[in-house]
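I set out to record what I looked up in this structure, entry by entry.

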Amino acid sequence: MSSLVKEDLAKRLFGPRRQRLHEFIEVEGAGAQRYYLCAAVTKSKEVEICMVKHWRVDREEKYEIVEKWFLKDLEMIDGKEADTDNPYFDMHFHKVYNMEAYSCASKYTFARTLNKLNATYLKKDFKIVNFDDTYLNDDSIWSSSNRDFIVVMRVCFYAFNLLCLSLCRFS
């Protein structure tokens, strides 16, 4: 489903603006509309982060950019608590924007994308705090193009280990 939404966003919203959509995540919004946080690269190689509102009129999908920032202006992304599984994070621009991703895995996916885009296009001092570094680095054995799946798999692996340890009897 998300690949269809990404394709539709790229075709209807970012393509006409001559931008390349790299990643999007669903974030919590008010009302019946859906909101997506998107990372795209402009023709002039600027990295744009935007909040997109998505709604349906009759049978047609509609998208509108309601907020836009540039990665060069992002001072820090704060994952709130690295040790807990939560979807909340803050983006610090000239103002702090509180976000709630659809899942913790999608929060990490977006942070990884911003980190990678920063390394590719800006190479600026970019702070990512209160995230588990193991899930952020592309050189991790848990990193893959399947992003969210790998994070979920690792959480399941740890849960299985904890279950095994709790069932072991030490004699």
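**Entry 1: Charged pairs**

I looked up lysine 62 and found it partly exposed, at 29% relative accessibility; here buried means under 20% relative accessible area, exposed over 50%, and partly exposed in between (1.4 Å probe, protein chains only). I note that this is a predicted model, in which local features need pLDDT of at least 70 and side-chain atom pairs count only at pLDDT 80 or more, while totals for chains, interfaces and linings use all residues. Residues are numbered from 1 along each chain as its sequence is written, and side-chain values use heavy atoms, with hydrogens and water left out.

The term stands for a side-chain nitrogen of Lys or Arg within 4 Å of a carboxyl oxygen of Asp or Glu. Glutamate 60 is partly exposed, with 40% relative accessibility.

How many salt bridges does a search of the whole structure find? I recorded eight.

I examined arginine 34 next. Its side chain forms a salt bridge with that of glutamate 26, at 3.5 Å from N to O. Arginine 34 is partly exposed at a relative accessible area of 38%, and glutamate 26 is partly exposed at 24%.

I turned to lysine 68, which forms a salt bridge with glutamate 48; the closest N and O atoms are 3.8 Å apart. Lysine 68 lies in strand E4 (residues 60–70) and glutamate 48 in strand E3 (residues 47–57), so the pair ties together parts that are 20 residues apart in sequence. For these elements, helices (H or I, at least four residues) and strands (E, at least two) are DSSP runs, numbered from the N terminus.

Is glutamate 48 buried or exposed? I found glutamate 48 buried, with a relative accessible area of 2%, whereas lysine 68 is partly exposed at 41%. I also noted a network of salt bridges that links Arg17, Glu48 and Lys68.

**Entry 2: Aspartate 8**

I located aspartate 8 in helix H1 (residues 2–14). Aspartate 8 is buried, its relative accessible area being 17%.

With which side chains does the side chain of aspartate 8 make a polar contact? I listed arginine 12, at 2.7 Å, and tyrosine 63, at 2.7 Å. A polar contact is a pair of N or O atoms within 3.5 Å; within protein, one must be able to donate a hydrogen and the other to accept it, and residues adjacent in sequence count only if both atoms are side-chain atoms.

I then set aside the neighbours of aspartate 8 within four places in sequence; aspartate 8 is in contact (heavy atoms within 4.5 Å) with Leu13, Glu61 and Tyr63.

**Entry 3: The chain as a whole**

I counted four helices and eight strands in the protein chain. Along the sequence, the pattern reads α-β-β-β-β-β-β-β-α-β-α-α. Of the 171 residues in the protein chain, 41% are buried. Among contacts with a separation of 6 or more, 42% come from residues 24 or more positions apart.

**Entry 4: Cysteines**

I searched for disulfides, defined as pairs of cysteine sulfur atoms within 2.5 Å, and the count is zero. I looked up cysteine 104, which is buried at 12% relative accessibility, and cysteine 156, which is partly exposed at 47%.
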